[in-house]
Amino acid sequence: MKSRSTLATWLGSLDGSRLARVLGARQDAASPPEPRSLGELADRLQRPGSVALVLPRLPLPHLQVAEALAALGVHASRDALVKLLGVVDDATTRELDAVLEALADHALVWPDGAGQPRMTGPLRQAWDTPLGLDAPLEELLAGTTSDELRGMLVTLGLKPPGAKPQRLAALVEHHSDPEQIASVVAKAPETARKLLDRLARTSARQPQFVVSGFPGPELEPGARWALDRGFLIHDRHRYGPARMPAEVALALRGPGWHAPFEPVPPCPRPASVTPTETDREASAAATAFVAHAASVLAACSATPPARLKSGGVGARELARIGKAAQADDAVVRITLETSYAAGLLGRDGDRVAPTEAYDAWAEQEPPEQFAVLLQAWQNLPLTPTQARDEDNRALPAVAGAPPCGGCAQARLGLLAAAAQLPAGQGARVAAELGPLIAWHRPLAHSSPQDGTPFAAVIREAELLGVLARGALSALGIHLRTGDTEGLSIECQRLVPSATAVARIGADLTAVVTGTPSARLTALLDSVADRETSGTASVWRFSAGGIRRALDAGRIPEDITADLAAVAGGPLPQPLSYLIADTARGHGRVRIAPAACVIHGDEPVLLAELAAHRGLAGLGLRQLAPTVLISRSPIDTTLAALRAEGYAPVAETAEGTVRIEKARPQRAASARVPTPRGTSTRDSGRIAVAATRATAPAAVDPNALANQLLTAPLTIPEPAPFDGGLPFATDTEEIVAGWAKRLPYSDIRQLAYAIDVGQPITVEYVATSGQQTVRTLSRLELDPPYLEAWCHLREAERVFTLSRIHGVMSVMSVMSVMPESVMPE
């Protein structure tokens, strides 16, 4: 609350222009709805999320000063900051003042009424151990008892006050004086001095020893002496290392130790470069890139790249697109990512296809096309040319990976670094801009390639013409400032308009200087094959390309006229001959779709079939006086012709007449009942022998029906297990003992099928719980199992009797089953 109050007071003391500068630097915190008071603005400026958005945009000295202030804590002062950073000369002092002013513009650090620097709470919490230091003594002593504080003061030779707050204040005051700490440590045992010196110069993230519970004799030599005097603090409420207060660590590091402060950026080796040279190289790079980008997107339009199951366009598809567009992998990746970000590409199921916005983009001039892609590149939340991850695995393009804030900052850092180069100078080697980018954006993702930091983003800037001859081009200047209108003007100046004419030579090539227009590209792609692309594109004419245009429905006269229009005159004689020769042989052989062919020796009969209205549904078409083709299958065509009174015959694939034989229908074999006392396995063999010897007597269904109708109505007798009559056969009794879920009527039916060898259909529940219907034959009872031939699986199977939940006659099933699923 105190930090909020001092920040609101400082904001109220600013004039309008300075306050506007603060709001401009922290647009994330002042975003709509607009704050209604300075107090509300102060609350927004101190939000942890707001501070986290600002830190990645700060240069190295700003982060170094902020970390030093965080290490000093609430007792930070300007003098302490100057001493900690080792600022001694006037030039460095001015640099420090400029850094504090910039931090104030971001509302991270501001001066209080006494001119001392104050910082927002979230900024102090941005570092767990700033400068490798632990928390201040007052924070570490929060859980210490009054008696423990008294013991530390007595051990130090100080008179302890009466109350705990006064004792804590006295100990903090003593440890805040580096000279007093140094004098006490100088009298310590050698083991304690070595221990404290090592811990003071070791990061707080790397504890050297761990204690559990109360400090005991198991501590490292010298630790007890330091704990008794408050030079090391142990938290009794948690397991962990003894901690050294920040004041003690700073005092033991000595007056010669200073926090890092690098206000001057590194300087790459300079090379003189004129604006004309920069413009020339930037123009060539931008022109080549937009030409390649148009080719890449045209290839995607012709054949949209497939997406991997894990997402994104894989290496194989990227290679295919690069080969079709004559572009390397870096250009393909940049084009796909920027086009996807600009809405020119979109996901379409398992592919990445151009959108309707691409059609409008393709009709624009190259300067307008390039401006769209360039602005999309600036705002990309990733590094598109980073083709491999930390494990050297290939990365797909357009994979929808989580946004990389460090990648975007690397791009902004490059623009800021190149803008700081002196006028008329550029980096002799562009890769030497890497350390300068790291100075401007220390938290950026370096994406090193071959050990060179920021090599990927530098290469991208060169491909796009943002960086030329190691200096920022006019495109990069307007891109950095966010001047959209100025960027559009520079694109119009540096990127030439599309070329609508081609130079067609007698060697059957078409050469286009610059970027070909969309209409010219479409025309040449339809009749020729592209060999090279870039600042000059070359197409080569061949019979295959002319044939491709003819297959698309073009006629030779139109092809000649269109090519003559873009050539600005008559076509070379070799090309005219090529078009004429290819057209002369085009279509001499035709292929028609057909399901079957009808032929005969009587042209009049074939003509009659072709004109027959009743056969119109077959889709007959006459190819010759004695040949018809049908769009319907052979069996459908046969049936239709026979239904109209004709007598066709079918042929085999070898041309011979197909013989149609009706399969004779046979009844299933029957078995005689198994005699009493015969085992079930033997009964099967006996039944088969008896069946061969005795033929079943024929049954008159009408007589059986009359007999059933005239029989008196009787109540079904109770099942044997319900106290009724005994089982009719041993098989019934055996089946009833194991098939507990079957009613007596199903038991009798199943037992009868086993005894006489009759096929049976059962409802069976498999071990997986799935219920199926199986038709079984060749039944053999082997309790508790039933061995049979399963017509569903067409194999011998073993069934558990207890899993049979229903039985039905196979004849009743066959009466309602379609013929295609009847058991054999």
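Which hand does the link of Cys404 and Cys407 have? Keep that in mind while you set up the view. The model is predicted.

**Stop 1: the disulfide**

Select Cys404 and Cys407. Their sulfur atoms are 2.5 Å apart, and the two residues form a disulfide. Now look along the S-S bond. The angle about it is 75°, and the link is right-handed. A search of the whole structure finds one disulfide, and this pair forms it.

**Stop 2**

Move to residues 503-504, which make up β11. This strand belongs to an open sheet of four strands. Read across it in the order β11-β12-β14-β13. The pairing is antiparallel. The edges are β11 and β13 (528-532), each of which pairs on one side only.

Select β13 together with β14, residues 536-541. Four bridges link the two strands in the antiparallel sense. Which residue of β14 stands opposite Asp529? Arg540 does.

**Stop 3: the loop at Ser517**

Stay in this region and pick Ser517. The residue sits in the loop that runs from β12 (509-513) to α26 (518-527). Is Ser517 buried or exposed? Its relative accessible area is 18%, under the 20% limit, so Ser517 is buried. Show the side chain and the backbone of Leu520. A polar atom of the Ser517 side chain lies 3.2 Å from the backbone nitrogen of Leu520.

**Stop 4**

Go to β18 (residues 760-765) and β19 (residues 771-782). These strands pair in the antiparallel sense over six bridges. Find Tyr764, then look across to Thr772 in β19, which stands opposite. The two strands form a hairpin with five residues between them.

Follow β19 onward. β20 spans residues 785-790, and its antiparallel pairing with β19 runs over five bridges. Select Leu776 and find its bridge partner in β20, Cys790.

**Stop 5: Gly343 and Glu356**

Select Gly343. This glycine is in the loop between α18 (329-341) and β6 (345-348). With 29% relative accessibility, between the 20% and 50% limits, Gly343 counts as partly exposed. Now draw a distance from its C-alpha atom to that of Glu356. The separation is 9.0 Å, for residues 13 apart along the chain.

**Stop 6: a nonpolar surface patch**

Finish at Val649, Val657 and Ile659. With the surface on, colour these three. They form a nonpolar patch on the surface. How much accessible area do they have together? The value is about 320 Å².

Zoom in on Val649. This valine lies in the loop between α31 (634-643) and α32 (680-693). Its relative accessibility is 60%, which is over the 50% limit, so Val649 counts as exposed.

Methods
Residues numbered from 1 in each chain as written. Predicted model: local features only at pLDDT ≥ 70, side-chain atom pairs only at ≥ 80, totals over all residues. Heavy atoms only, no water. Patch = residues over 30% accessible without salt bridge, like charges linked within 9 Å, V, L, I, M, F, W, Y side chains within 5 Å. Areas by Shrake-Rupley, 256 points an atom, 1.4 Å probe, with all protein chains shown as cover. Salt bridge = Lys/Arg side-chain N within 4 Å of Asp/Glu carboxyl O. Buried < 20%, exposed > 50% of the residue type's maximum accessible area, 1.4 Å probe, protein only. Pairing = 2+ DSSP bridges. Disulfide = S-S within 2.5 Å. Polar contact = N/O pair within 3.5 Å; in protein donor to acceptor, adjacent residues only side chain to side chain.
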